Amino acid sequence: MGYLIGVTVLWAFSFSLIGVYLAGQVDSYFAVLVRVALAALIFLPFLRPSLLQGRQRMTLMALGAVQLGLMYIFFYQSFLLLTVPEVLLFTIFTPLYVTLLDDALFGRFTPFYLLTAALAVLGAAVIRYQGLDSGFWLGFLVVQGANLCFALGQVGYRRLSATLPPSLPRHSVFAWFYLGALIVALPAFALLGNAGAMPTTSLQWGVLAWLGLVASGIGYFLWNLGATRVDAGALAIMNNALIPAGLVVNLVIWNREADLPRLAIGGAIIVGSLFLNEWWLRRRATVAA
């Protein structure tokens, strides 16, 4: 859980950095390519190909292609259609995708996880609900594409990790994840990118460097590692903890207006769903013993 909380704090800055400094100014496909390439550079020196079998390498690359490559393409496009708070709002369905996909891949059905995930969605909705009209639906669908990719990547990594030896040093194989994302990002920029919308300021390059090296490189490694060490309910809930964290950063640093009572109530519901999930796990363990 410590990994997930730490990365949540780290990623809380990403929404505003993208929305303020990159969206509509820097080509989104180029931004995705730079982030993925920089993240791959961090882990390539540690790569030991012999530690994974060919099928495992391909699976890890496919997970990177989906969770990072495709997700980023959807994610960056959403900032051209929506504001930062709206993007945050539309991510509230990710926990439901996580719980349903996790049960599907592990061959089970856990209604309680669906309940706690629904509570997390409710908390996020309380924080960010505003009246929305039909003009937002395209943005909504784009964000759902990002949500599904992110959820599938997390759950898929949990499934893959369950088949790997516990002693396997994960940092020595994780470069395959970023190389898979690069296979998506590179042709996407070549085919769809706009070479006339490159970064023009040192600040924009600095933001890209931060997002690539820290938010993507370190962040996704630790997030996926944390995803293997918690149950599906906790993972689903932590997917929505990013919403209050992102809004706090947006309010404190960029002085954007936020409804503080809503933030407090919604945050309390999300935290409450996490405690409810932990209570259920302890109760189940006690009954099993």
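1. A quick word on terms before the helix pairs: axes here are lines fitted to C-alpha atoms, for helices over the stretch in contact, and angles run from 0 to 180 degrees between N-to-C directions. Helices (H or I, at least four residues) and strands (E, at least two) are DSSP runs, numbered from the N terminus. Bear in mind that this is a predicted model, where local features need pLDDT of at least 70, side-chain atom pairs count only at pLDDT 80 or more, and totals for chains, interfaces and linings use all residues. Residues are numbered from 1 along each chain as its sequence is written, and side-chain values use heavy atoms, with hydrogens and water left out.

2. On the overall make-up: the chain has eleven helices and zero strands. Of its 289 residues, 53% are buried (under 20% relative accessible area, with exposed over 50% and partly exposed in between; 1.4 Å probe, protein chains only). Take contacts (heavy atoms within 4.5 Å) between residues at least 6 apart in sequence, and 92% of them join residues at least 24 apart.

3. Now H1 (residues 2–22) and H9 (residues 202–227): their axes come within 9 Å and cross at roughly 150°. H1 and H9 are therefore roughly antiparallel (over 145 degrees; under 35 is roughly parallel, 65 to 115 roughly perpendicular, the rest oblique). The residues of this contact split into 21 nonpolar, five polar and no charged.

4. H2 (residues 28–43) and H8 (residues 175–192) pack at about 155°, axes 8 Å apart, which makes H2 roughly antiparallel to H8. The contact between H2 and H8 has 18 nonpolar residues, no polar and no charged. Phe30, Leu33 and Phe43 are among those on the H2 side, and H8 brings residues including Tyr178, Leu182 and Phe189.

5. One residue I'd click on is Gln56, which sits in helix H3 (residues 54–81). Gln56 is buried, with a relative accessible area of 17%. A polar atom of the Gln56 side chain lies 2.9 Å from the backbone nitrogen of Gln53. Leaving aside neighbours within four places in sequence, Gln56 is in contact with Leu160, Thr163 and Leu164.

Definitions and conventions. Ala, Val, Leu, Ile, Met, Phe, Trp, Tyr, Cys and Pro count as nonpolar, Asp, Glu, Lys and Arg as charged, and the others, Gly among them, as polar. A polar contact is a pair of N or O atoms within 3.5 Å; within protein, one must be able to donate a hydrogen and the other to accept it, and residues adjacent in sequence count only if both atoms are side-chain atoms.
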